Amino acid sequence: MSGTKPSSLWPVAIQWSAPRTVTAVIIIALLAVLPMIASALESSYYVSFATRVLIYALAAIGLNFILGFGGMVSLGHAMYVLLGAYAVAIPASHGVTSGFIHVALAVGVCVPLASGFGAVALRTSGIAFIMITLAFAQMLFFGAVSLKDYGGDDGLTVAARSTLGGLDLTNNTTLYYAVLVTVLLALYLSWRAVLSPFGLVLRATKSNPRRATALGHPIFRYQLTAYVASAVVCAVAGVLLANLTLFASPAYGAWTLSGELIVIVILGGLGTVFGPVVGAIILLALEETLPTLIDATLPDYKSNWMLLLGLFIFFVALLLKRGVFGSLPASVRGERSKPELP
Amino acid sequence: MSALVTHALVKRFGGVLATDHVSLTVEPGELHAIIGPNGAGKSTLIGQLAGEIASDEGSVRVLGVDVSRMPTHQRAQLGLARTYQVTQLAKEFTALDNVLLAVNARAAHNFRFWGNAHDDDAAMQKAATALAIVGMSHLHHAEVGTLAHGEQRQLEIAMALATEPKLLLLDEPLAGMSQGESAAIISLLKSLKGRYPILLVEHDMEAVFALADRVSVLVYGRIIATDTPDRIRENAEVRAAYLGDEA
């Protein structure tokens, strides 16, 4: 087609002056200085709220890896968040407070579990895949409810935050930066993986699995690896969530949270690396501000704020097919954006 | 050794015999064409050879290896490459990325998470070469969904070639093409002939008789004749079943 450059075999992956890149850089910069702004405003609440947003973003980054790039619609990814949270709460109730053990336990349980669940679920696709992942998540949810020694359906409070070497996570700002660094690391890793030879096949399994197979790619192996990797990211998010809230409960694995993660991914923009961060900021900010906003303007309708949120999501889905972040141009010359851009 | 040997291959859909004890061979360097009316079971046969459709009876050997029970991707790794009657491409990818995906299918270590796929100079060169063979060098960065129908069909062939095949299965490469586009593909097929063993399923009689070394006629899942193009043209049974009186 016209406008392409036959001489260049290697298109530039990131265009630093493209609106998408600029937006991502501005958001990261704002996140980096957020605790300072919060302390200037003398409002420590913003730090813990932003931490929660970033933890949701992290889980959504994990889900996006298979949903946005592999086309696997998992309606059960909150179960891995649940798993991570209990990997903190259960050892902590026995006096084991080491964050390294918490993370190792979360990953150590998550990998075999996700391998088994994934191997079964990936025998199917489409609606059946959604249903099977949902069923597994419900199993884990009720499994957590049945843990009577660990709070049952009331959940389990965590006495103190994990100890992590020299890092003092009891300080909210330190926890915030630990989460931010984890999010940036996850973004970097998923960006690299998406552009890698592995990622090329993964994206092909979303676009045309039949063709990828006919070429000779063992796509099941690629899909399962991606599924497990995405589950691990969600488990780490669960570890961080339990540290933030000092609480773990079966509700962390509720299917509504799995659904919320999907909404975050789609809101931000399927098939973009940075989209989940934008989606998490928008969704959680709306959930936070809409009730107060309506209370101030139309107090009679305070309980109907979800209606407004639903309308917003409806219009994003209707008008921005590529999500909020995904709709920003990824290149300066107006060429069609490529999926590998952050 | 024959590139492809099928022995008494059978596929039933309910009570219908879609493939009725088909035995055929493709010899090294041979272009063996299969013709037959609509619904004769040509695409089913290709699907069975590629492994997408499980055969009920019979065997398939590729380069002497029995692949009858082998999954699709392993057959492809043996060197069996195919194109589809209805193009099967990664539509959101660029043309070059589609071919790169094909090149990487042959790479020994493609399970890599780190390096950028576009930084693999050797693979990129192979992909560019395959695009050049089908005359699409100017379309490297075109998104496949925006390509013309004929260009998408050419891309399918480029992808098949990029896997360094030892046997090509081409399922109606001329389907739905304009005359000009057909001419380009026919001359491309001529240039491939002799370099790869090719099993060509095609409706276009002119093309088949111009290209094929041998022609098999498939009717209701059964091969009623296999012979040189000239003798097939004269075969009374074939005329009655397929070509019609004016042929």
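Leu58(A), Val99(B) and Ala158(B) touch the most other members of the largest nonpolar core, which has 177 residues. A nonpolar core here is a set of buried Ala, Val, Leu, Ile, Met, Phe, Trp, Tyr and Cys residues joined through C-beta atoms within 7 Å. This core draws at least three residues from each of domain 1 (1-79 + 165-247) and domain 2 (89-164) of chain B. The model is predicted: local features need pLDDT of at least 70, side-chain atom pairs count only at pLDDT 80 or more, and totals for chains, interfaces and linings use all residues. Residues are numbered from 1 along each chain as its sequence is written, while chains are lettered from A and ligands numbered from 1 in the order in which they are written.

**Core**
- Leaving aside neighbours within four places in sequence, Leu58(A) is in contact with Thr182(A), Val183(A), Ala186(A), Val233(A), Val236(A), Ala237(A) and Leu240(A).
- Contact means that C-beta atoms, placed from the backbone, lie within 7 Å.

**Chain A against chain B**
- The contact takes 29 residues from chain A and 40 residues from chain B.
- On the chain A side, α6 (172-195), α7 (197-207) and α8 (209-215) are the elements that give two or more residues.
- Helices (H or I, at least four residues) and strands (E, at least two) are DSSP runs, numbered from the N terminus.
- That chain A side divides into 17 nonpolar, 7 polar and 5 charged residues.
- Ala, Val, Leu, Ile, Met, Phe, Trp, Tyr, Cys and Pro count as nonpolar, Asp, Glu, Lys and Arg as charged, and the others, Gly among them, as polar.

**Domains of chain B**
- The centres of domain 1 and domain 2 of chain B, taken over C-alpha atoms, are 26 Å apart.
- Their bounds come from an automatic or database domain assignment.
- Domain 1 of chain B gives 11 residues to the contact, and domain 2 of chain B gives 12 residues.
- Helix α6 (residues 179-192) of chain B supplies the largest share of the domain 1 side, 4 residues.
- By class, this domain 1 side has 8 nonpolar, 2 polar and 1 charged residues.

**Strand β9 of chain B**
- Strand β9 (residues 214-219) of chain B is largely enclosed by the rest of the structure, because 5 of its 6 residues are buried.
- Buried means 20 or more other C-beta atoms within 10 Å of a residue's own, with C-beta atoms placed from the backbone; exposed means 12 or fewer, and partly exposed lies in between.
- β9(B) pairs with strand β3 (residues 31-35) of chain B in the parallel sense over 4 bridges.
- Pairing requires at least two DSSP bridges between two strands.
- Ser216(B) in β9(B) is the bridge partner of Ile34(B).
- With strand β10 (residues 222-227) of chain B, β9(B) pairs in the antiparallel sense over 5 bridges.
- Val215(B) stands opposite Asp227(B) in β10(B).
- β9(B) and β10(B) form a hairpin with 2 residues between them, and Tyr220(B) in the turn has a positive phi of about 50°.

Technical notes:
Two residues are in contact if their C-beta atoms, placed from the backbone, lie within 7 Å.
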